[in-house]
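Have the coordinates open while you read.

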Amino acid sequence: MSKQQAPLALIDLNADAPCCPPLAQSQVPAETAAVLAPAFKALGDPVRLRLMSMIASAEDGEACVCDLTPAFNLSGPTISHHLKTLREAGLVDAERRGTWVYYRARPQILRQLAALLSVEPAATAKI
């Protein structure tokens, strides 16, 4: 039996809609916090944050593990572990092509995380 977790479920499948009001506007519901916390936790590691940045900013929208590994002074299995953590947190998708695995960022979840962290105050009505 596999111990792999299902990828993070998006709260709102509409890619243009935020998952919830920003932290600066209202409290995060417990259910939303439970769904998004694994993604924030995964990004809390410096290696994973750098990997996520490399993948998200890749020229073709995807990065091969063969291009990611040399950027670190870590073993291949360690990089694979970090990439697996990003995948299980729902931040990236992976596709095997021959002997290499290619990773793509999931923009919808990144938009949701960014929307939650927005510090713009709620619009006030003008009288």
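1. Start with the core. The largest nonpolar core has 25 residues, and L51, L83, L86, L91 and Y103 touch the most other members. A nonpolar core here is a set of buried Ala, Val, Leu, Ile, Met, Phe, Trp, Tyr and Cys residues joined through side-chain atoms within 4.5 Å; buried means under 20% relative accessible area, exposed over 50%, and partly exposed in between (1.4 Å probe, protein chains only). At least two residues of this core come from each of α1 (30–43), α2, α3 (65–68), α4 (76–88), β3 and α5 (107–117). Helices (H or I, at least four residues) and strands (E, at least two) are DSSP runs, numbered from the N terminus.

2. A caveat on what you're looking at: this is a predicted model, where local features need pLDDT of at least 70 and side-chain atom pairs count only at pLDDT 80 or more, while totals for chains, interfaces and linings use all residues. Residues are numbered from 1 along each chain as its sequence is written, and side-chain values use heavy atoms, with hydrogens and water left out.

3. Have a look at L91. Leaving aside residues up to four places away in sequence, L91 touches A39, A42, L43, M52, L86, R104, A105, R106, I109, L110 and L113 (contact means heavy atoms within 4.5 Å).

4. Now the sheet. Three strands form an open sheet in the order β1-β3-β2, with antiparallel pairing (two strands pair if DSSP finds at least two bridges between them). β1 (63–64) and β2 (92–97) are at the edges with a single partner strand each, so one side of each has no neighbour in the sheet.

5. How many bridges join β2 to β3? There are six, and V92 sits opposite A105 in β3. The β2–β3 hairpin has two residues between the strands, and G98 takes a positive phi near 65° there. β1 pairs with β3 (residues 100–105) over two bridges, with A63 opposite Y103.

6. Helix α2 (residues 46–56) lies across β1, β2 and β3, at about 85° to β3. Axes are lines fitted to C-alpha atoms, for helices over the stretch in contact, and angles run from 0 to 180 degrees between N-to-C directions.

7. Finally, Q25 is in the segment before α1. Its C-alpha atom is separated by 8.0 Å from that of V119, 94 residues apart along the chain.
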